[in-house]
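Here's a quick walk through a few helices, strands and sheets. Have the model open as you read.

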2 protein chains.
Amino acid sequence: MEFTIKIRQEGLSVTLPVTGGDLQRLRRLNALAALSALRAEGPATLTRLAERADLARATIKVVVKDLMELGWVAQMDPSGGEKGRPARRYRFRAEAGRVIGLDIGAHKVLAVVADLDGNVLHTTREPVTPEQPRAERLAAVDRAVDACLAGSGTAAADVWIAVAGSTGYVDLEGRVVLSRAIRDWSSVPLTDHLGARLRCAVLVENDSRLAALAECRRGIARDTRNLIFLHVGRRAGAAVVLDGVPLRGGGGAAGEIGVHPLFNLGHVGELLQAVPAVEPGTPPDAVAGAVFEAARRGDVEARRAVLRYVKVLALATTAMALTVDPDLVVLGGGFSRSADVLIEPLRGELETMCLRTPELRASVLGDECVAVGAVCYGVEHLSKMLFNPEIGPLSAASPLPIMV
Amino acid sequence: MEFTIKIRQEGLSVTLPVTGGDLQRLRRLNALAALSALRAEGPATLTRLAERADLARATIKVVVKDLMELGWVAQMDPSGGEKGRPARRYRFRAEAGRVIGLDIGAHKVLAVVADLDGNVLHTTREPVTPEQPRAERLAAVDRAVDACLAGSGTAAADVWIAVAGSTGYVDLEGRVVLSRAIRDWSSVPLTDHLGARLRCAVLVENDSRLAALAECRRGIARDTRNLIFLHVGRRAGAAVVLDGVPLRGGGGAAGEIGVHPLFNLGHVGELLQAVPAVEPGTPPDAVAGAVFEAARRGDVEARRAVLRYVKVLALATTAMALTVDPDLVVLGGGFSRSADVLIEPLRGELETMCLRTPELRASVLGDECVAVGAVCYGVEHLSKMLFNPEIGPLSAASPLPIMV
C-alpha cells in the first residue's frame, strides 16, 4: 500500500512505499491531518477533505473509513435538493466526548457541559456565599456537576476533561495558592476532589484568565491578540493575553495586579458607597447597580462615586498597560453590565496616563464567561494532547481505541 | 546527483533523486542546515558536521565546498599535536560581515563594531548632554560610528546591519515617538539618518529592551526566560522579557512603566538628595554615588534616602511583577554599580507586596549593556533574514552572492 508524504516547506511532493512501523506512523499522521482539517473547516466531501489535508483521495478514503470505525468521524445525511446523487459529506463527531467547564466564584458555582467542539449543551447554577466553608462550596460544585450531567444526558464516563475556573492565585500545577475573595479556599485540593469524582483529566485555572480566553475565542476580542481582561465588580481583577494566549507567568501569578497595595482592588467597590441617591436599606448586592443607575440619570453624587471607582481602576490598568502595551481592554465581570457609565470616564483617565491608550470594549459573554473559557481551555488542551503527533499517541489520553 | 532529505518529525529517511528547481532549493536548504549547525556548535570536521546537520557525508562535502567559495565558511589550520593526519575542520566565517551596535543616551553615545557571531571588535564613546540639540547628538552618533569603523579597520561596505538603542518610547517601526530623558529627541528620524550614512539595514529599539536582551544572551540572565530588566539611575525605566524575547507589546510601549504618574520614575533620583553626609558642592552627577557610599558605611540619613528611592522602585516593580509574574529582576543602569546597597532593601519591599517574589540580580555587563544588546539584536535579525529559508533567499539581504 502506498501513502503520500508532502515535504511542505519546500513544496516538493514524492510518493514513498513504506511498511511496518513506518506504515503505522504514517496512518496516524494522515488520520490526524484529516481530523484536523475536519475540525478546522467543518464537514466536507472526500474530495474536499483530500485537498484540505493535502493527501491523495485514495489515501483519504482509507483514513476516513478508519476514523469512522473508531468513532471520530460520521457520515452526514445527504443534503437533498441537489440534482443527481450528492457527494457524501463527513464530519468530526464532536459528540464522541464531553467537556465540563466550571466557574467557582464567591457568589455562584456555574457548571456547563459541552461537546468536543466546545458547543455548550447544558448549564447549571448553584448559589453560594463568600463566607461558606470549603466543604459546602465543594458540595455545591458536586451538585452543579451532577445536575449538569443529568440535564445534558451525559454519562460520567463520556467526560474526557473537566476545567475549573477559581478566584484567587492559581499556580502552574492548578493549585489555588491564595484566595481573598472566598473564605476558606486557599490551598483547596480542587484538582484531586474533581479527579476523584469524575475520573477524567482535570485542570484548574484562574477565573479571569479563563474569562479572557473566552473573550478571545468566542467573545468581543476575537480580532485581537494582545489585551487585558479587566474583571470589574465589588472586587476587581485582571488577566493578560499576549499573542492570543492568556499569560500565566513564571508561576501562575500574572494578572494578579489586584493585590498591589496602591490599588487595593479587593476593596474598590467600597468607593461606590455613601451615595445619597441610593435609598437607605438597599441590600449590599444592589448598591453598585443603584449607583450606576443614578449616574446614568445624571445624578452628580453618583457620577462622582463612579469616577472615584474608575480612577482606581484606571491607575491599575495603566500600570498593566505600561508593562505589556495591549491593544484592547475588555471590561468583564458583574459591573460590565453598566459598561455604558464606566467606559467613557475610564477612557478619559487612561488617555491622560497611557502612552498608547488601548481600545475599551465591554464583555459580550455575560456571567457564563468563565465557564465558557473553561470549556475553550479544555477543548484546546484535548486538541493538543489527542491530535498532536508530537505529544503522544491518541490512545494515551483518549477513551477511544488507538488510531494506528 | 542525489541529495538526502530526512522527514524529521517521523524519523523516516529516504533518498530522493531531484533535478532543476528542486535541486536548487535542496542545495540551499542543505547549505542553511550546514551553516546553522556550524554557527550553533562551532567548528567541526565534515564527519561531525554531517551528523549535526543530519546530512550524508557526501552531501556535506559538496555543501561545504559551495559555502567556502561563497565566503561563508573557512577551513581552519590543522591543529597540531595529534597523531596521524588530523581531519580538516571548518568554521563559520563570522568576519564575512560586520554589525554596528549603538547606545544613544542622555550622557553618552556608545558605538561598537562586532562580527557576525556578535563578538565585539571595537568600542567608541562620545560624551553628550541631555540638553544638546538634536543635530549635535546626531553628529556625536556619526563621530562615534566613524571612529569605531576606523578603529576596527572596518569598511562601511562590510557593515550588514546597524542597531541603535535609544531612550524613550520607540514604536514597532523604530520611531522614537517620545523621549523625556533627552531634550529635542522625540520623533527624531534616526533610522533614516543612519540608513543614509551607512547604506545597510538599520533597526532602532528602546534601550532598556536591548539591555534586557544582552543580559539574557550574554549576561546574568542566561538561565532565565521570564524577567524584568530594571534600569536604575537618576531616571528609572524597565523592560519585560517573556519566554526569552523582549516584549514590545501591541505598539512598542511595553515596559514604559516609568511614565506612570504614581511612580514618576523620571524623577526618582531626586529622592536621593538632601542627605547631610553628602558634602555641599558635590556635582549633581556624583550625588547618588556619594549617598550610596554613605549608606554603605552605615550613615542613617543616607540609608533612609536609599530606602525612599527603593520604595518607589519597588512599587513600580511590583506593579509589573503582578502583571507578568517574572522569575527574575535584573538591576541594570548606572546605579546598578551600587546594587550591594540596593538589592537587600528592594527584596524586602518586594517580599511584602508580590505574590511570588522574583529573584534579584545585578547586571554584569556594565555600561556597554545596551550596545551589546544592539549587537545581539542585529545578529539575531540577520540570522532570521539570511539563514531562514522561510523568509527569503539569502541573496536578498546579503552582500554575498546567492547560494543555490
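This is a predicted model: local features need pLDDT of at least 70, side-chain atom pairs count only at pLDDT 80 or more; totals for chains, interfaces and linings use all residues.

A:Thr45 sits in strand E3 (residues 44–45) of chain A; helices (H or I, at least four residues) and strands (E, at least two) are DSSP runs, numbered from the N terminus. Not counting residues up to four places away in sequence, A:Thr45 touches A:Ala87, A:Arg88 and A:Arg89, with contact meaning heavy atoms within 4.5 Å.

Residues are numbered from 1 along each chain as its sequence is written, chains are lettered from A and ligands numbered from 1 in the order in which they are written, and side-chain values use heavy atoms, leaving out hydrogens and water.

Now the sheets. Chain B has an open, antiparallel sheet of three strands in the order E3-E5-E4; two strands pair if DSSP finds at least two bridges between them. Its edges are E3 (44–45) and E4 (73–75) of chain B, each pairing on one side only. Chain A has an open sheet of five strands, ordered E15-E14-E13-E16-E17, and here the pairing is mixed. E15 (245–246) and E17 (359–362) of chain A are the edge strands. One pair from each sheet:

| Strand pair | Sense | Bridges | A bridge pair |
|---|---|---|---|
| E3(B) and E5(B) (residues 89–92) | antiparallel | two | B:Ala44 and B:Tyr90 |
| E13(A) (residues 227–231) and E16(A) (residues 328–332) | parallel | five | A:Ile228 and A:Val329 |

Each sheet has a helix across it. In chain B, helix H3 (residues 57–70) lies across E4 and E5, at about 100 degrees to E4(B); axes are lines fitted to C-alpha atoms, for helices over the stretch in contact, and angles run from 0 to 180 degrees between N-to-C directions. In chain A, H8(A) lies across E13, E14 (237–242) and E16, running at about 160 degrees to E13(A).

How far does H8(A) reach from its first C-alpha to its last? Its 25 residues (300–324) span 35 Å, close to the 36 Å expected at 1.5 Å a residue, that is, 1.5 Å times one less than the number of residues. At the start of H8(A), a side-chain oxygen of A:Asp299 comes within 3.3 Å of the backbone nitrogen of A:Glu301. Just after H8(A), A:Asp325 has a positive phi of about 50 degrees.

Finally, a helix pair: H4 (residues 134–151) and H5 (residues 190–198) of chain A pack at about 35 degrees, their axes 12 Å apart. Residues meeting there include A:Leu138 and A:Val141 from H4(A), and A:Leu190 and A:His193 from H5(A).

Technical notes: A polar contact is a pair of N or O atoms within 3.5 Å; within protein, one must be able to donate a hydrogen and the other to accept it, and residues adjacent in sequence count only if both atoms are side-chain atoms.
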